[in-house]
Number of protein chains: 2
Amino acid sequence: MNYDQKKLWQIEQQGFDEQLLGKSEAIMALGNGYLGSRSSEEEAYIGEIRDTFVAGTFNSFDENEVTELPNLPDMWGMSFIFNGRRFSLVNGQVRDYKKRLNLKNGELTREFIWEFEDLKMKFEFRRFVSQARRHLLVSHVRLTNLTRIPIHVKMRSGINGQVSNEGSQHFTDGEKGLVEGKFIQMMPVTTHSKIQIIQTVEHKFNITISERPETCRRSFFMNYDFDLDVESTINIEKRGSIYTSNDKDIEDHELSALRSEGVHELQKIDHLDYELLLQESARVWQKIWEKHPIEIKSENFRDQLAIRFAKYHLHAMAPSHDERMNIGAKGLSGEGYKGHAFWDTEIFMLPYFNFTHPDIAKKLVTYRYLGLDGAHKKAKINGYEGAQYPWEAANPADGEVTPVWGAADIITGQSTKIWSGFIEQHITSDVAFGVKQYIDVTGDHEFELEKGDEILIDTAKFWASRLEYNHALDNYEIRDVIGPDEYKEHINNNAYTNYTAQWNVAFAIKLIEDLRRDEPDFYEKLDKKLNLSVLTENLSAKVDKIFLPKATDGGIIPQDDSYLTKKVIDLSKYRESDGVDSLFHDFNLEQVNQMQITKQADVLLLMLLFEDLFDRDQKLKNFDYYEPKTTHDSSLSFSTHAILSADLGKLEQSYDFFNKAINIDMGDYMKSSDAGIHAASLGGIWQMIVFGYGGVRMVKSRLRIEPHLPKKWSLLKYGFDYRGENISVSTDRKRMIVTKPDNGHEIKFLNKDQEYTLKSQLIISI
Amino acid sequence: MNYDQKKLWQIEQQGFDEQLLGKSEAIMALGNGYLGSRSSEEEAYIGEIRDTFVAGTFNSFDENEVTELPNLPDMWGMSFIFNGRRFSLVNGQVRDYKKRLNLKNGELTREFIWEFEDLKMKFEFRRFVSQARRHLLVSHVRLTNLTRIPIHVKMRSGINGQVSNEGSQHFTDGEKGLVEGKFIQMMPVTTHSKIQIIQTVEHKFNITISERPETCRRSFFMNYDFDLDVESTINIEKRGSIYTSNDKDIEDHELSALRSEGVHELQKIDHLDYELLLQESARVWQKIWEKHPIEIKSENFRDQLAIRFAKYHLHAMAPSHDERMNIGAKGLSGEGYKGHAFWDTEIFMLPYFNFTHPDIAKKLVTYRYLGLDGAHKKAKINGYEGAQYPWEAANPADGEVTPVWGAADIITGQSTKIWSGFIEQHITSDVAFGVKQYIDVTGDHEFELEKGDEILIDTAKFWASRLEYNHALDNYEIRDVIGPDEYKEHINNNAYTNYTAQWNVAFAIKLIEDLRRDEPDFYEKLDKKLNLSVLTENLSAKVDKIFLPKATDGGIIPQDDSYLTKKVIDLSKYRESDGVDSLFHDFNLEQVNQMQITKQADVLLLMLLFEDLFDRDQKLKNFDYYEPKTTHDSSLSFSTHAILSADLGKLEQSYDFFNKAINIDMGDYMKSSDAGIHAASLGGIWQMIVFGYGGVRMVKSRLRIEPHLPKKWSLLKYGFDYRGENISVSTDRKRMIVTKPDNGHEIKFLNKDQEYTLKSQLIISI
């Protein structure tokens, strides 16, 4: 990938390279939160992963597979035969190849000159997924004949349903047909969840052209034949719409009504050309960009690009239209993690939305409210009470959807059991923490009373049932879990898990008290559901006896009961490796379990999220102890380390983490994004900038703004929403200027332990 | 494709051409009747169709799709990266490319030199499906470094289940693992028919090599890394076995037992190298070749090659091991027609097996006996009695499996309804005819009594219920059908249908009489099932009133009630076209229905199968009338025309049809075999030679041998089994020599209306 200092809104690939197919498909993916699509080339390649997803259309292939986001029939593909030769960039010479994603307007373009035998042609491909019309996809192709002879073109384009999720087919081969002689329409239905999909495609040419429809199994194509004269050009537009019976924005979900919507979507823009449709979509993107823009003056221009990259993708993948779905770990940009939502949402992405798009954040936390039934189901299956949130979540009511089997064990060659769905239980306090953060940042009292408090109490109820009493020590332990460090399975008293569970329980006790006192109506409502008096008693009896791993004499909080007793090995080989699984070329998980190897921030994440529980010295000691034992094999690791090290004044090291974090997707390693971009890491990029360097933090429900810029940065400007107020911060290494509209409201915040009251502007020395 | 006069056992492709992928995959397909596989390249290509089938493992994707032969996870594929560059013949220079199928021993080879940038390498790929061990597949790869630098090789090979039938996935992603550290094993199960598949693969290298197992979804690979020094060579063997819970040759169908069989299959040949395993398989092929070899002295050497091509594929696709399955219209060489059996078996392929491998023929007719329940089911659904055989058949008990929707209509763009499963009813008399032919040729009295007679009577029972009484004419008609000419839908009194139905009914009446008289025990048994006395009455009341279309004044038997009244158009454009659907680029089926356009032999086929019902003059007149109106768009058409025109003395025209028939798969048209080779046409090749030019025929249950060679042929030698006797015929244009072992038995046959009695040898002038 190439990045240009003068083009800070652009991701560019120069030169065609088969090995970059997966990466460019993912990091240049298009989307509007409703639908998302990898940026596969129009023409087919070996190794491509051609995906289009509609958020929330989950289906499972069979009873042995968990539900996943199904890959829809492809609408972008086109095949060309020029004078009898199939067009592929694997053949011939490709000159001036540039594939670009314009982050500002969401347009993907691809331009090049192709020479093959006696052919010489110029290609200009453009496409976008509309932000203005969420059901709409538009592409534009311009072919120019630079040959000295006419070129006969055979073009085949339509909708191709001979795609799958790595071999799993989620759709019935539904009806298909041609509407009004020009709208290709396919009507696949998901096999089990029975979601009706309607895909409609239309082609437009600037010349009259002979056409022939062709149905194949799961596909409908139009075949076009035309001549491209010497030095002439042809313009082709392909427009498509997608509707589903799951869509909230339409009332009638009958097949015939959906079919009409699909056609109508294209009919109503018949008078608008590509440019106008693009502008319309760009205007919506512009509104996103105008909301709290971030400006970074850095010696590295990619820092500025990175935050735009992150925000672009966060908005391409976030379902701002519907609270029944969440953000998958790869967004809508790949099949990795099956479109499932993890703690990635609450801990890594939600903060961005809380502080900049509280409307979207509200949808994300509401999704967890809708997930209470699924969480109850999971708790019940596991013999617990309350709300035990699923490690992986799809449809909110489904509960746990983590697959049970994973990749092959290097030693035995057998599939490895994935334990996260059973015992990676911190997700429940993560969800509670996310809800609390949302309420703290937005001050959304209505959500708090109607939904948030219930989540906060019901999760505590789970923990109360989950705690295991240790008679010998007269305390409550949490045994046999996986913490954030997934390289330690079946461990006891993971610090992160125990501390966050204890917080969850303690907070619920206080919340129940507050409700009883201040909101008797809501208290009564919740009491009916959760039997609050009994619950309070139970929580109160346990809360002070929850075992919280204490620091060793050396000041180290043990990651779990046994971690510190395990073997330490030299990890430098793996820490320097780009290949995320290189450790597993040498060891199996069983062996890694027995060594002090940490996949990602675990104790350190705890110290970041609950910074008030640990003093600076403790954080320093633990940072110095754990970080060298961390392989950072999870994309969730670098941003946490970047922020914590910035807090600790290790700004150079922090900036190194920052760069590693932005390189997870934007870097040179060719295969890292094949399964999709790393959604949590995108949220992490925003957090590193605004939390890490901008110094914004919620501590004990109080706002703090305490910037500390990396050496290479001379200026940082950012903004955020805080309890309905629009705050802007501009900071260099000497002072920060905090501004809000002078609307009569006041905001209080902390800086270096001092409380400031912001009315319109404050200038504070650093 | 290239054919070499000196290599009459070889199908060869010279030079790599992406456009020939489908054709070479199909016409060079490997198989042993149990399993069959398209000859896709080891490395992947856009446009490849990578299929492996096990006969009889039918499954349906969902309730909207009919059952089909599922495409198994691929076991041949290998990917190579040489010094960082993916190996593909689309890149670089390919020299001396030769892909060959050796028909004699069933070995596929591929050799070439590949140069790409600084790489120069020699590749020798070999593989076969064993005829000696039906569960075994073996491949051998030899790589030679012709570069001046060492080449680092990354090789990935295993079992890849990310394949489907044009997007429909038939397997659950079953268990997978590594057995004893070296046997890759995958255990997919068909989703609905629940057939357990066990695929096991082992790699062998002539050097020690580093390896790493890798499981992906639906796949298991081994990754190998090694250096190929300058001028050095590496030999790789990949062996695989396939077992299923449907296999009759093993007793225990429990998963663990099947897994052991899969591994054991490879363990027990551990000491045998590729060459020895190939020889073992070649010896079984040799036995096939020694059975009634055909020798043709022709000016066109391809004539000799063609019959070897036909016999090779007939034996690669015929399930000689199991009567619960039949031969699909594309054998095991492609997804076309879903592995379903049609009348192609009885009318086109069965004659070859009747006359040369009666043991296989017996399995094919027994399949129809097992299909009686399915035929009853179909009759019942349609409101009829008796056995109405399915137009398309898969599992015998399933009955009709013809899909309901086909390709897009050129005018409306909507899918076309496929009516064959409902109204192409001549299949029922075709099955009866096939059974009668089998009995006549083999004299298998046991089959006749135990199975054959029941089929012959039960099919007549169907016809009796199917006939429609016409009060005005006091006759029985068969209305609203499709005849062999599928370009005429919903027609009344198709000649082929009515005549063959009448034969079926008349023959059953006689059979019931004979049984009552000669085989009272069997009569009684059948009477219980079929109520023979009532049935005889019913059949007898109708048989003479079945309407048999009579010749016009001009001597033309009307193909149906309305055919002769329809418009005649100039068909030369379509008759000369290679593209089988070119007619449908201009017209839709509705329009073709309204013209005198015939897809394939219809009246003429009737005149060939029931030659005694029509005199020579009638045949000539009808041939001259119908042939010019025939597009020969079905691969079943040319062979019928070749034989009939040979009978009529039109030997030049016949030989022209002969050549067109062999070119259906062996010819230059690149796309004709993409969906698989044309099984019926292969049977047709044998029929053209032995029936057409060798002059063999069963007429009214009597054998006739009456050769007439095409001008370009100077000698024809062939042989056949007849009622347990082994007959050889050698003929030139002057005389024929008919020979049988002098074993005391006598055989009678007709030649020019004279009956001869053969004891050991007869020489007859022509």
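1. Strands β8 (residues 93-102) and β9 (residues 107-116) of chain A pair in the antiparallel sense over eight bridges, where pairing requires that DSSP finds at least two bridges between two strands, and strands are DSSP runs (E, at least two residues) numbered from the N terminus. Across this pair, Val94(A) stands opposite Trp114(A) in β9(A), and in the hairpin, which has four residues between the strands, Gly106(A) adopts a positive phi near 70°.

2. This is a predicted model, in which local features need pLDDT of at least 70 and side-chain atom pairs count only at pLDDT 80 or more, while totals for chains, interfaces and linings use all residues. Residues are numbered from 1 along each chain as its sequence is written, chains are lettered from A and ligands numbered from 1 in the order in which they are written, and side-chain values use heavy atoms, with hydrogens and water left out.

3. On β8(A) there is also an antiparallel pairing with strand β2 (residues 7-14) of chain A, over five bridges, and within it Gln10(A) has Asn102(A) as its bridge partner.

4. Beyond its neighbours within four places in sequence, Phe80(A) is in contact (heavy atoms within 4.5 Å) with residues including Phe87(A), Phe125(A), Leu143(A), Met155(A) and Ile236(A), as well as Arg85(A), Arg86(A) and Lys154(A).

5. Chain B can be laid on chain A by a turn of 180° and a shift of 0.1 Å along the axis, with an RMSD of 0.0 Å, the superposition being by least squares on the C-alpha atoms of residues with pLDDT of at least 70 in both. That is the relation of a two-fold axis, and the same surface serves both copies, since 100% of the contact residues of chain B recur in chain A.
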